[in-house]
Amino acid sequence: MSDANGKTLRLLFPQWQGGNNPPYHFGAQLLSWLAPEHLGPVEEVPVNLPDGSTLTPEGGIIGRSALLRQLYAARALIDKHQPDRLVVLGGDCLVDLAPFAYLNERYDADLAILWVDAHPDILTPNDFQHAHAMVLGNLLGEGDPDFLKAVKRPIKPANVMYAGLQATMDVETAMIARLGLSSASAGELAYSSEPVLQWLKSTGAKHLAIHFDLDVLDPTLFRSLLFANPDVPASTWDGIAQGKMTMAQVVRLLGDVANVIDVVGIGIAEHLPWDALALKNMLTKLPLIGQPETKLSVSPAHRS
């Protein structure tokens, strides 16, 4: 992909601790491999490989110390390049915290955020222990003080809109109402991008960052999502909102948006390619490929 329209930094951020789900690490790496070639600068945020150890809650957040270390490592890489635009390939949803906070500073708070996600990501440690469900709240200036230190200029609530949001919990519903966040459901966006285009016009913002959580997609149509995990019963997800959008709908929506505003950031998160991961693990157990090569023994009867 050309980098003719200003310096675009591509950031590979294979973070998994925010969702306490090790396969996010592999999902981010595969996402990076699948993405078109980028001609501008590319950096990878250092993230500890999953080693089978159990993450524990620290002050109400699982993996807090690792997440904060990675948050500031991401910001250091961004500051090193001072890009005009950012592409983030994750990893869990928290990967967009440092990049979007930077962009709001870079564009002097003249930034809108389109949050394409089945979930609102505005919980706090009082409600939940996984930080990937807190990221938008942090960008809005809400939540844990340690993570808020990374947000020097919170996003204005009027400059945030959800696309494809599904049913929310009571605590989320109350916070969305308190902040006055805009939203358009998957049904409202099925055939038209107009709700989002009208919101963009109302903000007056000149720049846009897009958070694209793949779980906004319908898991019956796209299987590399949390809800398609073949190793857990389908009933595990009963009562948990799942996406309803198609890839074509998301492509149309983001294309329509890019025609009317300067898109300066996009983060893609929560890729869980279960089939590819199963195949990768299987290959490590096959003769000559994954196991140490052993010498064939030949019985005396078969020696020439």
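Tutor: Helices and strands are DSSP runs, numbered from the N terminus. This model is predicted. In it, aspartate 92 lies in the loop between strand E5 (85–90) and helix H3 (97–106).

Student: Is aspartate 92 buried or exposed?

Tutor: Buried means under 20% relative accessible area. Aspartate 92 has a relative accessible area of 0%, so aspartate 92 is buried.

Student: Which residues is aspartate 92 in contact with, leaving aside its neighbours within four places in sequence?

Tutor: Contact means heavy atoms within 4.5 Å. For aspartate 92, the residues include Gln15, Trp16, Tyr24, His132 and Glu270. The side chain of aspartate 92 also reaches the backbone nitrogen of leucine 94, at 3.0 Å.

Student: How many aromatic pairs does the structure hold?

Tutor: There are two aromatic pairs. Planes over 60 degrees apart count as edge-to-face. The rings of phenylalanine 100 and tryptophan 115 have planes at 85° and centres 6.3 Å apart, so this pair is edge-to-face. Phenylalanine 100 is in helix H3 and tryptophan 115 in strand E6, 15 residues apart. Both phenylalanine 100 and tryptophan 115 are buried.

Student: Why is the pair of phenylalanine 227 and tryptophan 237 edge-to-face?

Tutor: The planes of these two rings are at 85°, with the centres 5.5 Å apart, so the pair is edge-to-face. Phenylalanine 227 and tryptophan 237 are both buried.

Student: Which residues touch the most other members of the largest nonpolar core?

Tutor: That core has 55 residues, and Leu103, Ile113 and Leu139 touch the most other members. Apart from it lies another core, of 32 residues, among them Val116 and Met245.

Methods:
Residues are numbered from 1 along each chain as its sequence is written. This is a predicted model: local features need pLDDT of at least 70, side-chain atom pairs count only at pLDDT 80 or more; totals for chains, interfaces and linings use all residues. Side-chain values use heavy atoms; hydrogens and water are left out. A nonpolar core is a set of buried Ala, Val, Leu, Ile, Met, Phe, Trp, Tyr and Cys residues joined through side-chain atoms within 4.5 Å. Buried means under 20% relative accessible area, exposed over 50%, partly exposed in between (1.4 Å probe, protein chains only). Helices (H or I, at least four residues) and strands (E, at least two) are DSSP runs, numbered from the N terminus. A polar contact is a pair of N or O atoms within 3.5 Å; within protein, one must be able to donate a hydrogen and the other to accept it, and residues adjacent in sequence count only if both atoms are side-chain atoms. Rings of Phe, Tyr and Trp (its six-membered ring) pair if their centres lie within 6.5 Å; planes under 30 degrees apart count as stacked, over 60 as edge-to-face and the rest as tilted.
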